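Reader: I would like a close look at one part of this structure. Please take me through the salt bridges, step by step.

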Amino acid sequence: MPAVGFICPDKRRVSFEDCFKECRLKDVLPCGRCKALPFLRKCARQREWTGEPSTTQLLNGTREAWLKITRDYFINPDDRAFSILGTNAHSILEHFGKGDNLTEERLRDEICSGAFDFYDGDTQTLYDYKTWGSYKVQQALGIKSIEVLETDESGQPILKKSCKNKGEPKTKKVFVDGDIASRINALFEASIQLSDYRDKLLKILPSGYTVKNMAIQVISRDGGLTVSTMRGIKEKAPLIPVNGISSHWIQKYLTRKKELLHEALEKDYAPKCRKRETWYGRKCNGYCEVSEVCISIA
């Protein structure tokens with residue numbers, strides 16, 4: 001029982017079928033709908049559960065994955081906007097693979113299935129496409145801000161001439177690379193995902209080919225805007241290298257996540273997601289589509 005309907009602008013619920021047939025707010029909304037019908041149809045599209053988990057599904061919290069499989073829930077179409085943007089970017093980019101390249105191939109093993117975005121046979125690089133906000137991009141690039149002294153032409157500190165801190169040296173914020181901890185944390189799930197795709201891909205690549213590099217091709221949703229500039233981001237679509245994780249650890253981790261999901265389905269219960277999986281609580285407060293259902297369960 002996946003998503004079954006939308007949350008309307010007035011917060012009431014409506015099934016997908018009823019929404020597509022006729023908007024219940026047609027006499028209230030300026031254009032007779034809150035969103036264009038093709039947009040709404042795309043929002044409602046989802047992957048059917050067949051018993052085979054996907055890599056991205058296992059990267060989510062077990063409770064979230066279990067609820068999305070077993071419970072009816074409603075989605076706000078406005079919250080799917082960036083997801084659709086990312087899907088469209090994938091659809092466009094997949095048409096540009098040429099030569100010894102592979103695009104949008106779904107691979108399977110005994111644990112799960114996964115579809116990588118692009119493999120460049122010339123450089124033997126595995127890519128995944130992402131659309132992230134500038135905060136996530138900043139973290140993934142390892143950019144951090146520091147305060148440095150402002151100096152004059154002779155290199156002497158410039159002193160404040162007014163306010164309560166008069167006479168103290170002026171400082172300014174500059175951005176530098178090197179926040180390794182933030183970078184590792186931001187790229188943790190991407191590292192697992194690409195490493196799993198790497199292991200699956202290596203089983204089908206012809207002789208002479210391997211995976212030498214892995215990278216995330218990011219499109220920053222707010223790239224070029226003030227908020228992005230304020231975070232020290234210079235590119236709208238940076239290419240971010242990703243370090244691989246050992247095949248042994250990947251197999252062990254995903255196997256355990258698969259076992260937990262099947263156990264939850266058998267018992268019809270799953271404990272709350274881990275702190276990392278909830279983005280330390282932020283995902284539960286407005287980013288998880290089944291948060292309301294989750295709250296209603298002990």
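Author: In this predicted model, the count of salt bridges comes to 17. Side chains of opposite charge can pair when their charged atoms come close.

Start with Asp10 and Arg24. Their closest N and O atoms are 2.9 Å apart. The two residues sit 14 residues apart and link distant parts of the chain. Asp10 belongs to the loop between β1 (3–7) and β2 (13–15). Arg24 belongs to the loop between α1 (16–21) and α2 (37–44). How accessible is Asp10? Its relative accessible area is 34%, so Asp10 is partly exposed. Arg24 is at 31%, so Arg24 also counts as partly exposed.

Next, take Glu289 and Lys68. These side chains form a salt bridge at 3.8 Å, N to O. Glu289 lies in the loop between α10 (247–267) and α11, while Lys68 lies in helix α4, so the bridge ties together parts 221 residues apart in sequence. Glu289 has a relative accessible area of 25% and is partly exposed. Lys68 is partly exposed, with a value of 25%.

Now turn to Lys130 and Asp128. Their side chains meet at 3.0 Å, N to O. Buried or exposed? Buried means under 20% relative accessible area. Lys130 has 18%, so Lys130 is buried. Asp128 has 2%, so Asp128 is buried.

Some bridges share partners. Through them, Glu64, Lys68, Arg80, Lys283 and Glu289 join into one network. The Glu289 and Lys68 pair has both its residues in that network.

Note on methods: Residues are numbered from 1 along each chain as its sequence is written. This is a predicted model: local features need pLDDT of at least 70, side-chain atom pairs count only at pLDDT 80 or more; totals for chains, interfaces and linings use all residues. Side-chain values use heavy atoms; hydrogens and water are left out. A salt bridge is a side-chain nitrogen of Lys or Arg within 4 Å of a carboxyl oxygen of Asp or Glu. Helices (H or I, at least four residues) and strands (E, at least two) are DSSP runs, numbered from the N terminus. Buried means under 20% relative accessible area, exposed over 50%, partly exposed in between (1.4 Å probe, protein chains only).
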